[in-house]
Amino acid sequence: MRKIINLNCDWKFVQQDVGLPVEFPADWETVCLPHTWNAVDGHDGNGSYDRGRYWYAKSFETPKQPLAGGRVYVEILAAGQQATVYVNGTEVTYHEGGYSTFRADVTDLCKEDGENLLAVACSNELKDSVYPQSADFTFYGGLYRGVNLISVPEAHFDLDYYGGPGIKVTPKPCKKCGGAKFEVETWVTNPDPNFTVMYSVKAACGKEVASAVRPADSTKVTLMVPDAKLWQLDDPYLYTVTATLQRRNEAYDEVFARVGVREFSCDPSKGFIMNGVKTPLRGVSRHQDMLYKGNALTKEDHRHDAELIKELGANTIRLAHYQHSQDFYDACDELGFAVWAEIPFISVFNKDPAAHQNCISQMKELIIQNYNHPSIMFWGVSNEILIGGISDKLVENHVELNDLVHQLDPTRLTTIAHVTMTPIDSPMHGITDIESYNHYFGWYGGDMKDNGPWMDHFHKVHPDICLGLSEYGCEGIITYHGPNPACKDYSEEYQALYHECLAKMLDERPWIWSSHVWNMFDFGCAARNEGGVAGRNNKGLMTMDRKTKKDSYYIYQAYWTKKPMVHLCGRRYAQRAGESTEIRVYSNQPKVALYLNGELFDELEAKKVFVFEDVKLAEGMNLVLAVATDEEKNTVVKDTITLEKVETEPEIYVLPEVKTRNEGVKNWFELAGDLDLAAPMEFPEGKYSIRYSIAEMAKSKEALKVVSEAFKLAMNMDLVPGEGMWNMMASMKMEDMLKLAGSSLPAGFGESLNAKLIKIDVVE
């Protein structure tokens, strides 16, 4: 029988490219897996992180095999981003792609007796043929998911096909009989006529409910489960399907899959439909990293993340922007989420044919390795890929990827995440089964109230397209507070107001098939330097260390969870000045009473958001109590905070950068002089303009200075060649940047930028 030997302990690691070791390197650092060398510098705010080719080494004994002809495999659960594997000095495999499992047969290189030397060279260096090329997150390097040794007999279930499990199960509800058909396929390596495969389906209680036997060289079979129980988002019932390879009276190998019986579809006007019931999908996106762990997460870490999302009340997760751990998919199967899984075809399109082949390879690995997970319902083909512009080749590659997904898996839906400025009439529409947009109106551009009308307009123009909102959000840093929250002040209060608006908008539009907050947790992006917290994207509903739920977390809990809840906002806005203050409460109960220092202040009836105005705090410390009730259901829930009335609020509550940015916009127009900003823009030959890309204008120091200043004012990001977000933004034209910023910029900003640029000669 198959043996899986965990090799996660007692590795040696060196953060230098020292070359292949000839013997076990006792002087290297001892580490245990999962491990990344970017656990700290990947998000510590120093502006960059170590991207190199470094070495791991491990000694292991050759597994003892009772039968002649057995095989030994090394299984790497993931290695960021490229990896070469050696056994006893010989290269056994090279893998490109930092997020999927790969294996190598090392049998012929293992010693019969004594220790073997396993060495892995991992690299997270930029390579043109490997996605992601550039994106808004840290590309952690290392063996961050673990390594196994797999020992199997000569005849065994396949281990060589794109890291797959060797078993594929497709449960299909049968409405006529009330049961379900389980279509099962397995692949057996080196069988002879003596081998058969026995299939068994067991219910969650362990009772066998169906079985079948097939010859090992004809391993497709359909099993019938009578009275099958459906896998539901609020009741994720799992069956276990086992395939056992037998020779006469002996079992040689065994694989299994935990699966669910469900059906789903999308309708442009009705939204997502699950098991025949209209079910709007409302949830979050998630990156797989944590504070000072990077992406080297344990099984317990993954489970905890899934439980926090379930506590929120979400029913869907977009797993951005790459294949996540099997541990997390397992948790989603068990807890009940509709999962969007995708490959890292993101932001920057590389025209190199080898890069397209890498997309194809990563898509095959994603689907083949994860086909059996009932939680996965959508395969994502790309994210914001039009940041660098569009081409016929880009469209052609998307069509090919979409066709590939349908060939590999006709049971699920394909989807795409469009960048916000993708035109409504773009040829990118209609390629995938369903679509979504990443919109940040109210943060990077426009007003938060623009989101609903934009979705309505697209829906009117394309009534045949199922439309979702794949990303939306804004930064929320729990240090910053104030009585008048505003866009780009990074305050916890503005983030909460933004999500109040978006939660309501989505609740009013159930035809939006899915929505995914960006992001559930703050995550590492070494290139970022925003809001006084460098090295991270701070749009999470929770902090990166999972210690703090921001106020915005609770507005979604109020909309999505069924368990009675109440939350007093502003607990970190603990010191308040002024004659009075506003206190906001989130609850899924119909009535909330607010008590101040033991006395009833007021009682309100509202939906989700209860706003108590003109609350006069007493001098010094104040105790605030919220009591939410539903008299019909006889439920009562309470929450309390402590606030201090002060003469002057702490300076730390306001980010100094906010004032600087406002002054910068004012100075921008003063320097524009007497320009006629109402006149049509001109684009003279030989002069720069907003129609040039950032990379093209970087050839001129004068043009780059103007563009960098404009970019900082519009997007609040530093634009330095070769640093930060440069690789992702360099191919963007300034007119596209202005579209992205939208109405958040004052009228005439684009015209004034163009007027400055057309004074500068193009540098060839």
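Reader: What makes up 60% of the 764 residues in the protein chain?

Author: Buried residues do: they account for 60% of the 764 residues. Keep in mind that this is a predicted model. Buried here means under 20% relative accessible area.

Reader: Why is Asn 38 called buried?

Author: Asn 38 has 0% relative accessibility. The cut-off for buried is under 20%, so Asn 38 counts as buried.

Reader: Where does Asn 38 lie?

Author: Look in the loop between β3 (29-31) and β4 (53-61).

Reader: Which residues is Asn 38 in contact with, leaving aside its neighbours within four places in sequence?

Author: Contact means heavy atoms within 4.5 Å. With those neighbours left aside, Asn 38 is in contact with Tyr 49, Asp 50, Asn 124, Phe 139, Tyr 140 and Gly 141.

Reader: On to Gln 557. Is Gln 557 buried or exposed, and how do you know?

Author: Gln 557 comes out at 9% relative accessibility. Buried is under 20% and exposed is over 50%, so Gln 557 counts as buried.

Reader: Which helix holds Gln 557, and why is α7 called largely enclosed?

Author: Gln 557 sits in helix α7, residues 551-560. In α7, 10 of the 10 residues are buried, so the helix is largely enclosed by the rest of the structure. Among the buried ones are Tyr 553, Ile 555, Gln 557 and Trp 560.

Reader: What does Gln 557 touch beyond its neighbours within four places in sequence?

Author: Gln 557 is in contact with Glu 311, Leu 312 and Met 565. As for His 457, 100 residues from Gln 557 along the chain, the two C-alpha atoms are separated by 28 Å.

Reader: Zooming out, how do you know that the radius of gyration agrees with a compact globule?

Author: A compact globule of 764 residues would have a radius of gyration near 27 Å, and the protein chain has 28 Å, so the two agree. The C-alpha trace spans about 85 × 75 × 55 Å along its principal axes.

Reader: How many helices and strands does the protein chain have?

Author: There are 13 helices and 42 strands. Of the contacts with a separation of 6 or more, 70% come from residues 24 or more positions apart.

Conventions:
Residues are numbered from 1 along each chain as its sequence is written. This is a predicted model: local features need pLDDT of at least 70, side-chain atom pairs count only at pLDDT 80 or more; totals for chains, interfaces and linings use all residues. Side-chain values use heavy atoms; hydrogens and water are left out. Helices (H or I, at least four residues) and strands (E, at least two) are DSSP runs, numbered from the N terminus. The radius of gyration is taken over C-alpha atoms; the globule rule is 2.2 Å times the number of residues to the power 0.38. Buried means under 20% relative accessible area, exposed over 50%, partly exposed in between (1.4 Å probe, protein chains only).
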